[in-house]
Amino acid sequence: MKVKKYIAPTMPEAMKKIRSDLGKDAVILNSKEIRTGGFLGFFTKPSLEVIAALDPEPLSPSSHEEERKPVFSSAKPVAVENSVYTKRPPVGTKVGMTDRSVPDNSPHLPKQILTIDEFLTVQGVTSDLKSMIVSKLLRRWYQEETEMKASEKLQGWLREELLSIVREVSFGGFEYKKKILNLIGPTGVGKTTTIAKIAADAVLNKKKKTALITTDTYRIAAIEQLKTYAEILNVPLEVAYNQDDFKNAKDKFKDYDVILVDSAGRNFKKTRYIDDLEQMYQFDEDMENYLVFSLTSKYTDMIQIADHFKKIPIEKLVFTKKDETDSYGEILNLIYKMECGVAYVTFGQNVPDDLTEVSPEKIVDLILGEMTHV
């Protein structure tokens, strides 16, 4: 991105300079009145200082809306008459027609903001989401009176922008307003260990009368693992091989406070797996479904997983294997993309200790944890 400062007696003259220099796709980041000229403080005259920028590869007006479109279920162009400006246009107004966002990895960004841009890249934040965040930071940067004040506030601004993204959805662990909690997801993401951790929390901390059902009949080891946890916690476990078994297990545990269900983990690319889940569970209003992701997975695979499970009503997400990675931007990406909150983050094999109920603040702390300075 090319960022330049212009000084002119009036806004129309400033706009003329900007159009001539940067073209009609330039964006106004900030404008303010200053005093210029004079001698020994006398005879100064008012002028306008305008900060403008040009994105050499501008995003289409609908690009952020497309990124925002939820898997489970933009700013509109604003015309401006460039020849009739009598007042300063709002920050973000495009010199030609529309508002644009800051591009990725721009060498023309202030070095402090470039550091944030690079940090978000390392964390795995998608380019479109990162551009949106950096754009907002850049506008706030140029609205400050001095670079020193802006630099002092920058990390706080970043935190505010991240919180504004994640606060739009629901967070926190299972609240026991419904009887059944289903953990679903592909194979290898840690569903069985996670269901054991939630069961231990329910029994030991929440004092809930708890029962377990597993439909993961494809892996004998998974059944044995859950049986071991059930014996330790002194809770009953039923194995459901088909829809009738599942219904009978639910009826058997109808007087329990909560029934935790471990689903089979199979190849998420096979739509038959999703159809089998729908047929067996017969998802109803007394169930909550949490979709489990491993933080060691590639983001492209996570998006495919989310897309394949979009037929199932997903209340919240669960992220496992936090201890096996230092990159947490995928959490932010999925919250934004799916418009879905997070219930738990897990980080080891210890039951029930390695389980954390999360909040928007905890998610932002997790993402910013590796950022020691800007």
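Colleague: How are H5 and H12 oriented to each other?
Modeller: They are oblique to each other. This is a predicted model. The two helices pack at an angle of about 130°.

Colleague: Is the crossing of H5 and H12 left-handed or right-handed?
Modeller: Right-handed.

Colleague: Which residues meet there?
Modeller: From H5, Leu 158, Arg 159, Leu 162, Leu 163 and Val 166. From H12, Pro 360, Glu 361, Ile 363, Val 364, Asp 365, Ile 367 and Leu 368.

Colleague: How many of those are nonpolar, polar or charged?
Modeller: Nine are nonpolar and three are charged. No polar residues take part in the contact.

Colleague: New topic. How many aromatic pairs are in the whole structure?
Modeller: A search finds four. One of them is Tyr 290 with Tyr 344, a tilted pair. Their centres are 6.4 Å apart, with 55° between the planes.

Colleague: Where do those two tyrosines sit?
Modeller: Tyr 290 is in strand S8, residues 287-294. Tyr 344 is in strand S10, residues 341-346. They are 54 residues apart, so the pair links distant parts of the chain. Both are buried.

Colleague: What about Phe 293 and Phe 319?
Modeller: That pair is stacked, at 5.8 Å centre to centre and 20° between the planes. Phe 293 lies in S8 and Phe 319 in S9 (residues 316-320), so the pair ties together parts 26 residues apart in sequence.

Colleague: Buried or exposed?
Modeller: Phe 293 and Phe 319 are both buried.

Notes. Residues are numbered from 1 along each chain as its sequence is written. This is a predicted model: local features need pLDDT of at least 70, side-chain atom pairs count only at pLDDT 80 or more; totals for chains, interfaces and linings use all residues. Side-chain values use heavy atoms; hydrogens and water are left out. Axes are lines fitted to C-alpha atoms, for helices over the stretch in contact, and angles run from 0 to 180 degrees between N-to-C directions. Helices (H or I, at least four residues) and strands (E, at least two) are DSSP runs, numbered from the N terminus. Angles under 35 degrees count as roughly parallel, over 145 as roughly antiparallel, 65 to 115 as roughly perpendicular and the rest as oblique. A crossing is left-handed if the near helix is turned anticlockwise from the far one by less than a right angle, and right-handed if clockwise. Contact means heavy atoms within 4.5 Å. Ala, Val, Leu, Ile, Met, Phe, Trp, Tyr, Cys and Pro count as nonpolar, Asp, Glu, Lys and Arg as charged, and the others, Gly among them, as polar. Rings of Phe, Tyr and Trp (its six-membered ring) pair if their centres lie within 6.5 Å; planes under 30 degrees apart count as stacked, over 60 as edge-to-face and the rest as tilted. Buried means under 20% relative accessible area, exposed over 50%, partly exposed in between (1.4 Å probe, protein chains only).
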